[in-house]
Structure formats: structure tokens, C-alpha cells
Amino acid sequence: MKHLFTLTMLCLMMTMSAFAQRAVTGKVTDAAGEALIGASVAVKNTRIGTITDINGAFSVQVADNNAVLTVSYTGYESQEVAVGANTSVTVVLTENQNVINEVVVIGYGKQIRSTLTGNIAKLTNENVKGMPVVSLEQAMQGQAAGVSVESVNGKVGAAARVRVRGVGSINAGTEPLFVVDGIPLSKDARNTYGAAMNPLADLNFNDIESIEVLKDASAKAIYGSRGSNGVVLITTKSGKSGKGQIELDMQYGFSKPTRKREFLNAAEFVELFTEAANNSDDLEGVAYDDPNSWTEFVNGRFRRYSGFNDDWMTGVDKTNWQDEAFQDASIYNAQLSMSGGNEKMRYYISANAGFNDGILVANHLSKDGARMNLDFDATDKLKVGVNFAVSRTDTRTVSDDNAFSTPMQLVALAPITPKRDEDGLLYDRPVTTYYNGLIDVEDATRKVLSSRTLANVYGDYSFTDNLGLRVEAAANLYNVRDEARFGERTDVGNDSKGYGQSVFAGATDYNTNAVLHWNKTFDSHDLGFDLGTEYFKSNNNRTSVEGEQFPTDELKTLASAALIIAGTSSEDNYSFLSYFGRARYNFDRKYLFNASARVDGSSRFGENKRYAFFPAFSAGWVASEEDFLTDNSTLSFLKVRASWGQSGNADIGNFRALGLYAPGSYNGGSNYTPEQIANPDLTWEKSTELDFGIDWGLFNNRISGEIDYYIKNTNDLLQEVPIPATTGFRTQWRNIGELENKGWEFTVNSNNLVGEFKWTTSFNIALNKNKVVALADGQDIIDDGGSRYLNVVKVGSPIGVFYGAEYAGVDPDNGDALWYVHEEGGDPNATTNDYSEANFVELGSPLPDLIGGIGNTFSWKGLTLDVRFQGVSGNQIHRAGDIFMSCNACWFDNQTRDQLDRWQNPGDVTDVPEARLGYSNGDIGRSSRYLSDGSFLRLKNVTLAYDLPANLLRGVRSIRLYATATNLLTFTKYDGWDPEVTTDFLANNTTYGIDFYSAPQPKTIIGGIRVGF
């Protein structure tokens, strides 16, 4: 009876409890009112919970009116909602600005930033979206600590240099590895004519979801032999379950040079060169030319440059040649994207098209492309997907900086020279001082057509909740076709009655990998393993045909050439085979450990050293999780971390380890001759890096940041060294030498104001010191002194350090240029007017000591203002072209206006020597006379946007109107066109900071509209 009573009471209580519970329904949205699918809704202090459906709706049982719902969603701030007597609630979540808990891509996986033990910089789509620039690298400028991005000049589609934590090699590659959705991409320029093109210009960065830059050894060692210079992981957008969304973005604008230099007008030109000729008549010695009278000689030149008439005497300007080098440039871009899906399938589809005129005449780029990313849940355990993208870029290139045909060298022509003759034809030599590059604009074509197909297919199978296998197969098909045609009047075609060349260069890359993932949580212990293998192969081919003697310049293809003068083809390939693993462990999210290892084999290296091992170890301590800091109201997050690891550099080109023979002919027959001696021990350049870092957050992580110190040593540098002549060869590739990069990085992110008016700041700054530690046999790499370029490689100095005679100004008594003697043990202030008596010294570094950027975003209601600055400091730039355009009238190139400050009378104090036509008076390239401070601070990007209020929208989800400007203002002491420069015909690992008629960066202003449906 007793048991029956107990059972009855228990059933009654259960029945009463069931009747007491009630259902609460609701919806979870973001701030824009869009449903959040899969958001977690839990009843606080119970095990009752659910997730939202495709409409953001939920239903959950609560016991009484005191119930509290905890609502959370990845990327958004969690929220607690008191139910009360309500039967229905609406929850609006706001985006989480706390970067400490963001998810980052780590290479073959993802991880929460707070548990990272390495250094990874992350940019999101919002950091690069809608930027009116051509390439992804330009959009990244100034936004990641320790990542230097430099556009070599202002030519549209031109190459860009990216350096992560300094320059890491002398002869091998120095660019980071770019990986797009698991596909490694090469940055090798494949065009033949004109300036080197950027192969990444065809990527549509509006399709990008995130960019992660792996910087320290712990982060990048998982990429082994290709990670020495850093790794840039690019993840494109994926669809999300829910209502389909369509977005249309259109923008239009214009560009012009950031700066123009001042050159002599016609009257000043005649005045200066007449004075220079008179001065030269009073001199004795060796001159460039030796006329009987320099005054008569210059008058003859004036008449010639004026079209063989005497109107030069009136001092009337005929042509502003600098203005002729530039054009009114337009820019237009359009992007259409669609995304959505359900619980089984998700999609993202986009198409883009646009054009970008360069600021230089005859320079133009247009590109279009499309992308389709699909993800499909085939079963509860199997997910499959495909990322597929195609693109096409059509570029009208111009010559490299060293050619008279490049537009920038038009500034050398005299202002007294008319542009055209009386028949409307462009003047050329002998009327123009040099070849008139405008003839190339009218009668030459340099067309580069590139196409790319990127495809990635994956399968992700979950054996259990903890164990999964991901398999990927990817392909990158990249083709470049050069079509060059030079008319009969051009400098290339004038000796052959027209010249043409057609070149096809193709690259097909295949990449496959399989990674086994295992993750398990045991109470406070989190443990994870990754084991994988990867295979990469690249096939490259090139075919070229040349022809001349065209019946008319109107015929552009080689089919019209009377004579085919050359043809050739080549093919090569290389491959990598890799095995890698990674282990992760953290205890209670306080004590963090990570270890990785990779074994790489490459066909590029000698048979004795084909494989290499690259390990890495790291650890972290989240001190803010300790009891003595958990209740600290100021310091909300503090993590100390350290890492050590090794990575390699396999970017050395193919076949350097092999003995090579070159085909030839002898006595009417074909044969082979030895060309390169083999080195079976040639192996990887290897970087060993040590990193110490602190991640911190204040005031509930409203202010957060990172501090890092690193030391990176790169040894076994690849160098071509002399070998005994008895071998039958002069040089051999060997692993000799060492480089060091060390420095500091600081990052700060701050939510300064929250509420209706918001203000956020992101700031980064990096200091790097580069030093050449050792070279082959201790020999510095210095030419014979005849070069007009200053870069050398010296042990103990930064790579590419400037080296030459130090300019001491002008002798006030006679106008001679002076140099410091710098005799060892002598008077440090001793000077000489004889350049040969000046000893060479280090003059400065082309590498900046400091790079950085700062961005501020202000938003109020629907109005947003984003302002971003970027800059560098501590570097020098060699104005190598000024040896001709700023040489105090040494020859007939038009001069910059500062040459009017020349010495004229005894007692004059100036830095410009006396003007002497035909004589050298300080116009020596290998001296500090033409060095300038290259530091600058640039207003890199300003965007003002307005989102129309929802109550004004009809039939659309959102409308944003915006205006964006890039390179709007530049603050610098640099004397040339633009301080962001390295001439494109000398762009190698040891040549930096050389300005030789290099185009300035474009200043671009656009307006746009973005409509969401």
C-alpha cells in the first residue's frame, strides 16, 4: 500500500509539471532583419534547447514565467531574454566585434583565435570589398602588421611586391605563397612585351570571404618547403542556408596621377642650355661631344628641335611632354552575386565585368569573370562541394621603364619641339631629342590576353563526431597570349618594314590532398590531430613566332608578314610530394600546445637532397583564465605565446641542380654543348624562426591587440658561385650564405564608441631589420662601379643597400660638384671635385625600417565613413632617371625646374652645380646626389556610404550609395613623382627603391551603388 501511494504521488507530480510547461515561439534575426538560421536557443540552467529553422523561427518549452532564454550564433553577441508571460519573442543579435573569438583559417583547417599559438593576420571581405584597384595585393596595403605591399609603379595591372616580415632571399623567390581555396598560385609574370604583368590581377576580390596571412613559423610550417616567405590563404564566399539573396554592385570613376613633376618651359629651356653652352666654351678637357663652339652647337640643336625653324627664339611653349604621357583615365566595375540554399545545399554564384584605364597613354585593362561555389550535404556524414571560377583579362601594356618608347620618357623631349609636323604626322628624330614614344601609341600594339580557370572539388566524410576525412582535388589553368605589332615608324619596326610577334605561355597546375582530422574533448582537455598528404604538379609551355615586312601597318597578324624570321617552343614541369601532421592540445583553454611537421620532396633539387623535414612547435598561456585575473574588470584577455619552427623556399626555377646541355649546330649539323654543371647536393633554402607574442584585451575586449617579436634566419642561400676553370664551367649553383630578419609588430583594434554613433579604430605598425649575415667566400656582390644604380649586397648590411660616393654639394668658388673623400683614417669632412678620388661608402637602405597603417570607421544611423592611412619610414629612393633630367643641363634632356637653382657666380650657395653642356659636373649616378628620403604617409582609402532606411525601400532588401577615393593625399619629402616605386625593368631581390622614369600611382575617385534583393 505504501508503494502504491508513492507511485500515485509521483505520477501526479509529473502530470502537474507537464501541465505547468508551455511553449514559447519566436524568431532570431540580425540587425538588418535577416533571419539567422541555425541559431542556438537554450533555456538557461536546463538541458532544454533547440535551433532556429530556415526562417529563423523556433519553439521551445519553458516551465514558468521566470524562464530565461540564452540565444547565440557564431559571429554574433550572445543574448539572454527573459520570457515573462510572453508566448512569442523576437530576438535581434548584433555582430560580435570581438576579434579574440573570431574563427581563422590556419591551413588545412580552422581555429578560434583565442586558442592560437601562432601569428595570423586576418582580413575580411569588408576590408577589401569595392576597392577601386586592380589587384588583391593593392587592396591589402597597410592592413596587416608586417606585410609590406608595394606597387612597383602606376601602370595598370603592373606587378606588385609582397613581403612578409622582410626580404628572405637573394636569388630565390621572396613572395609569399598564395593559396586560393586550397589551390597554390604562382606570381610569375608570363607576358613577353611591355612591363611585367601581375598574374593575380584576374582575381575578383569581391568574391573573397577572408584573407589570412600566416606569418610566424608555427602558422606557416604546415606548408613546409613553400612557406618560408609567409602564406596568404584566400577563402572565397560560400552560400548560407536560408532565403536567397541577390546583390548588384556598380561603380564608376576616374583616375589621375598622384603627382606631376615640374619641368622647364621653352624660355627656361633656352636660357639654361644657352648658359650651359657658354660655360662649356670656357672649359678644357674631355666632353661628351667636342664641337668647335658649344654656343654654335646649342643654337643648331635649338633650331633642329624646333622643326628646323627659328621660332625657338620667341620662347613659346610648343609641347608639354609630361602632359602627353598621361591620359584622362576612367574606371568601371560591376558585380552581380546570388547566394542562398537550404539545409542540404548551399550556393554562391557571381559574375563581374569592368575596365580600368591606366593614367599612361595607351595603357588599359579590362577583365571579366564568373564564379560558382556549391556545397551539398549528400548524407548526414558526407559533404561534397565544388568551387569553380573563370576569368579573362585583356591588357594593353606599355614598354618597361628603360625604353624610349615608354610614355614617361617623353619628359626628356624639349618643350620647344612641336608634337606634329604640318602634315599632321608625329615628329621623330632628328627633330625630337630621342625617339618619340607617342609613335608607339599610334602605330604599335602590345596586347596581353590572359585567361584562368580555377576548379576545386572536395569531399568531407565524418566517420564519427570526432573523426573525419577531407579529400580535395584542384586545378589551375592559366594561359597568357601576347600579340605585339610594331608599325614601320616605330623604333622596333622601322628597320624591318613592320615587326610582329605572337607568344603563347601556358601553365597547368594540379593539386590534390587528403587530410584526416580527429578532435576530442575530455572534460577540460581538448585534443586534435591532423594527418595529411599532398601532391602538386605544374606543367608549363611556351611557343613564340616572329615575323616582319608587312605590306601595311593596318594588317596586324603574322599571317600578313612577308617573312617569318623566328619560331621556338619550350616545355618544362616540376612537382612536390608532401606528408604532414599537426597536433593540438589545450587544457581548460588556458594552456595551449601545438606541434606540426612536414616532409617535402621536390623535383627541383639535387638527387641527394631532394627531401627535407620542416618541424614547428608552439605554446601559449591564457593568463586571463587564471583565478587571479578572471575577475579583473580592466584586463579581460591576456595570452602569452612562443613558437619555433623551420620552413623552406623552393622557388628557385627548374633544373638548377641538373647538368644541362644546350642545342646548337656545328659544321652543318645539330649537336649539344655543355651549358651547366650538375650539383646533386643542391637543396632548399631554409628559414628558422623564433617568435614571442602577447595577445591582450581590455575592458571586455573593447580594446584588443597583439605584440610580436621575431627573429628569422634564412640559411643555405642559393648563389651562383665561381668554380675552377678546370671543370670546363665558370659557375655553379650552390647553397651558401645567410640572411637575417628581425623585428617587432604591434596591432591594436578598438571600439572607441558604441551605441547609435559608432567609432572603431584598427592600427598596425611593424619594424623590421634586414641583414646579410654571410655570402659565398665572404665576397660582397658589387659591380665594377660603372653601373648608375646603387644597390649592392654586402655582409653586415641590409640587402640592396645603396653604395657609392657621398655627394658633398657645390664648391661656392667655382661651381664644381664635390664628393666626400672618406679616406680611411682621414678627415671625415675632406672633399674633392674629382669623383675618382671619392671612396665608396654605404649611403642608406632602400628597405623601410617601419611600415604601418591606421583605419577609422565612423557610423551613425545609415551613414558610414571609413578613413585609412598607410605609410612607410626610414628608406631611401634612388632617383636614377635624374642623372638625365636633373643633371644641370649636361645634355639636351629637358630638365626639372630645380636645376634653375644652379651655381652661377662665386659665392653662390646651392646644391646644384654650374650648368655645363657636354661635361660631367656632378651628374654621376653612383652617388648620393640623387638619393631622396622615401618615407611617406598616404591617405590610402576614404569611403563615404549611406544605407537607405528600410521604410524607404520597396521591392529590395537594401540600397547603399557610396563614394570611394584611393591615394587621395600623399605626405612626403620625396623629390620624384611618387615614393611607392621600384622601376619595373630592375625588379629583383636585390634591387629596391630605384626610380627610373617610373609612373606615379593613380589617384582614383569613384561613385557606386550596391543593391540587395
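1. A residue is called buried when its relative accessible area is under 20%, exposed when it is over 50%, and partly exposed in between, with a 1.4 Å probe and protein chains only. The model discussed here is predicted, so that local features need pLDDT of at least 70 and side-chain atom pairs count only at pLDDT 80 or more, while totals for chains, interfaces and linings use all residues. Residues are numbered from 1 along each chain as its sequence is written, and side-chain values use heavy atoms, with hydrogens and water left out.

2. With a disulfide taken as a pair of cysteine sulfur atoms within 2.5 Å, the count comes to one. The partners are Cys-887 and Cys-890, whose sulfur atoms lie 2.1 Å apart, and the link between Cys-887 and Cys-890 is left-handed, at -85 degrees about the S-S bond. Cys-887 is buried at a relative accessible area of 1%, and Cys-890 is likewise buried, at 5%.

3. A nonpolar core is understood as a set of buried Ala, Val, Leu, Ile, Met, Phe, Trp, Tyr and Cys residues joined through side-chain atoms within 4.5 Å. The largest such core has 38 residues, and those with the most contacts inside it are Phe-273, Phe-302, Ile-416, Trp-891, Phe-892 and Leu-917. Helices H5 (266-281), H6 (294-305), H7 (321-325) and H8 (438-443) each supply at least two residues of this core, the largest share, seven residues, coming from H5; helices (H or I, at least four residues) and strands (E, at least two) are DSSP runs numbered from the N terminus. A second, separate core of 28 residues includes Ala-121, Val-147, Ile-208 and Leu-454.

4. If neighbours within four places in sequence are left aside, Ile-416 is in contact with several residues, among them Phe-269, Val-270, Phe-302 and Trp-312, where contact means heavy atoms within 4.5 Å.

5. The search of the whole structure finds ten cavities of 30 Å³ or more. On a 1 Å grid over the protein atoms alone, a cavity is a set of points where a 1.4 Å probe fits but cannot get out, and its lining residues have an atom within 4 Å of a point; grid points are joined across faces, edges and corners, and a volume is the space filled by probe spheres set on the points. The largest cavity holds about 280 Å³ of space, and of the 28 residues that line it, the closest to its centre are Val-133, Val-134, Gln-138, Val-156 and Pro-1002.

6. The second largest cavity holds about 240 Å³, and its lining of 21 residues has Val-133, Asn-206, Gln-251, Asn-333 and Lys-367 closest to the centre. Strand E19 gives the largest share of this lining, five residues.

7. A cis peptide bond, with omega of about 10 degrees, joins Arg-429 and Pro-430, and Pro-430 is found in the loop between strand E21 (382-396) and H8. Phe-308, although not a glycine, has a positive phi of about 60 degrees; Phe-308 is found in the loop between H6 and H7 and is partly exposed, with a relative accessible area of 43%. Asp-523, also not a glycine, has a positive phi of about 55 degrees, is found in the loop between strands E24 (499-522) and E25 (525-548), and counts as exposed at 78% relative accessibility.

Key: 1 Å grid on protein atoms, 1.4 Å probe; cavity = no way out; pocket = protein on both sides within 12 Å on 5 of 7 lines; lining within 4 Å.
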